Amino acid sequence: MDKDNKHHGSRTIRLPRWFLRKHKGADPFQLSVISDGGEENDDYMDGVADGSSEMDPCISTNELRVFIGTWNVAGRSPVGSLAVDLDEWLNLKDAADIYVLGFQEIVPLKAKTVIGAEDPREATNWNLLIGKTLNNKYGCPWLTPLMNPITAENNRNDGIPNSERQPSISGQTTTPMRGQQSKYKLMATKKMVGVFISVWMRGELLEKYNIAGVKVCSVACGIMGYLGNKGSVSVSMSIDGTSFCFIAAHLASGEKKGDEGRRNHQVSEIFRRTYFPRLPEDGDNLLPLTILGHDRIFWFGDLNYRLYLEDNMARHFIRQEDWTALQKFDQLQRELDDGGVFQGWKEGNIEFAPTYKYSSSNCNRYSGAIPSRAGEKQRTPAWCDRILWYGKGVRQLSYFRSESKFSDHRPVSALFCTRIEVVKSGNPRFPAIPTTFLPRTPSKNHGQERATREVPSTLLSLIVRDVEVSPTYMQACISSR
């Protein structure tokens with residue numbers, strides 16, 4: 001929506017200067033050093049102009065609606081009555097093509113759960129409730145057993161060892177079947193202690209598009225920098241010619257001065273350590289290895305950024321519902337504006353109350369009001385639960401919080417319209433490299449330059465082998481030369 005980024009505008013990455021650097025040791029983590037000041041909708045259209053579809057008759061563009069949601073459930077198990085809250089959170093009256101849900105603290109963060117072996121039961125219970133909510137809305141039967149999602153690092157649906165397969169309701173595992181009746185299919189799921197991600201897709205999209213390279217990765221960066229009480233779980237997947245990365249994260253808590261530095265460090269660690277290795281079954285698909293290698297990236301979760309503001313002043317702005325004034329003191333907003341670890345990323349305009357911390361379940365009062373109740377934690381309200389995105393061809397349609405009182409956080413969601421490149425039927429998905437694509441010495445010959453620029457995006461990642469850069473970005477570099 002047009003108003004989403006009226007405060008800080010768009011920070012879209014441009015790479016021509018980086019691409020022309022002579023040194024080959026470029027760090028992909030530094031891709032965000034160059035930015036422009038374009039508007040969000042211009043950036044959305046740039047995703048089409050910079051893509052190869054304008055130059056390659058074999059490729060067209062389609063649009064998908066992607067729902068991103070995040071919810072810290074405070075260690076509580078899902079209950080049947082929660083279906084009503086899920087229905088509101090998922091906004092099923094305005095259904096999406098893909099639902100990507102990130103949870104934090106689906107188990108209590110105690111020594112037993114942090115250090116002990118992973119227990120898949122809570123994740124399974126959440127997936128069952130999500131699937132039932134999505135599919136019952138459309139009168140579709142909830143089929144059992146579940147289709148096999150990706151559940152462990154670097155495994156595909158057809159290659160998950162029996163020991164690592166997530167059991168379905170009936171305790172058996174199945175192979176995804178085309179033509180099943182359920183509206184949405186579970187494509188990928190991953191749990192690390194309390195951090196959990198669940199990705200669902202409309203069943204008909206499996207028939208319409210080539211879904212490839214579905215992989216998961218977890219990064220633990222909590223206690224001592226390596227325990228899973230904090231960190232991220234990520235999903236990588238490609239839909240025809242466009243790659244997606246979804247990162248659900250839970251960052252360090254705390255509102256003392258300097259705590260934001262711990263969060264920034266964990267973000268850097270997640271960037272550095274998230275990796276989707278190539279597998280033999282990937283074949284000729286040049287799939288992304290790192291977060292920034294993807295075309296469309298969504299980062300969401302309990303990011304725990306707080307307010308640079310005294311508690312009484314924060315509560316004053318909240319009573320006035322002056323979200324614009326309150327955002328001036330938001331730590332994450334400062335990171336976005338000042339070019340910190342999230343430089344180049346975008347977030348829609350926040351037009352809802354802070355989502356943390358509420359006094360208790362079934363309560364609409366922020367914790368720690370003065371005078372506070374005995375034993376109640378004193379916490380300044382803050383927008384801890386956030387949704388960011390990165391990459392062209394993405395337009396946010398809505399950004400809101402839901403009012404479930406299930407935990408001390410309120411769930412947050414965003415709906416996006418995103419463009420994807422689609423290889424037209426009857427054309428090879430990975431055509432042979434044309435001779436005009438071979439490296440050339442600089443020339444002013446217009447015909448030679450035009451031949452170099454007409455490169456399918458599926459081949460662009462061949463240009464640079466020492467840095468993981470998405471095809472969309474490389475196309476932008478070539479087109480601007």
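**Confidence, strand pairing and salt bridges**

Over residues 476-481 the pLDDT stays under 50, and the model has 16 contacts for them beyond four places in sequence. The model is a predicted one. Its mean pLDDT is 76, with 65% of the residues at 70 or more. Residues 141-147 also have pLDDT below 50, and this stretch has 25 contacts beyond near neighbours in sequence. Where pLDDT is low, the predicted coordinates should not be read in detail.

Strand β1 (residues 59-72) runs antiparallel to strand β11 (residues 412-423), to which 12 bridges join it. In this pairing, R65 stands opposite C417 of β11. Strand β1 also pairs with strand β2 (residues 98-104), here in the parallel sense and over 7 bridges. N72 is placed opposite Q104 in β2.

The count of salt bridges comes to 17. One of them is formed by E63 and R419, whose closest N and O atoms are 3.6 Å apart. E63 lies in strand β1 and R419 in strand β11, so this pair ties together parts that are 356 residues apart in sequence. E63 is partly exposed, with a relative accessible area of 39%, whereas R419 is buried at 15%.

A salt bridge also joins the side chains of K215 and D282 (2.8 Å, N to O). K215 belongs to strand β5 (residues 211-220) and D282 to the loop between α7 (259-273) and β8 (296-302), 67 residues apart. Both K215 and D282 are buried.

The side chains of R386 and E347 meet at 2.7 Å, N to O, in a further salt bridge. R386 is in strand β9 (residues 385-390), while E347 is in the loop between α10 (331-338) and β9, 39 residues apart. Both R386 and E347 are buried.

Terms used: Residues are numbered from 1 along each chain as its sequence is written. This is a predicted model: local features need pLDDT of at least 70, side-chain atom pairs count only at pLDDT 80 or more; totals for chains, interfaces and linings use all residues. Side-chain values use heavy atoms; hydrogens and water are left out. Two strands pair if DSSP finds at least two bridges between them. Helices (H or I, at least four residues) and strands (E, at least two) are DSSP runs, numbered from the N terminus. pLDDT is the predictor's confidence in each residue, from 0 to 100. Contact means heavy atoms within 4.5 Å. A salt bridge is a side-chain nitrogen of Lys or Arg within 4 Å of a carboxyl oxygen of Asp or Glu. Buried means under 20% relative accessible area, exposed over 50%, partly exposed in between (1.4 Å probe, protein chains only).
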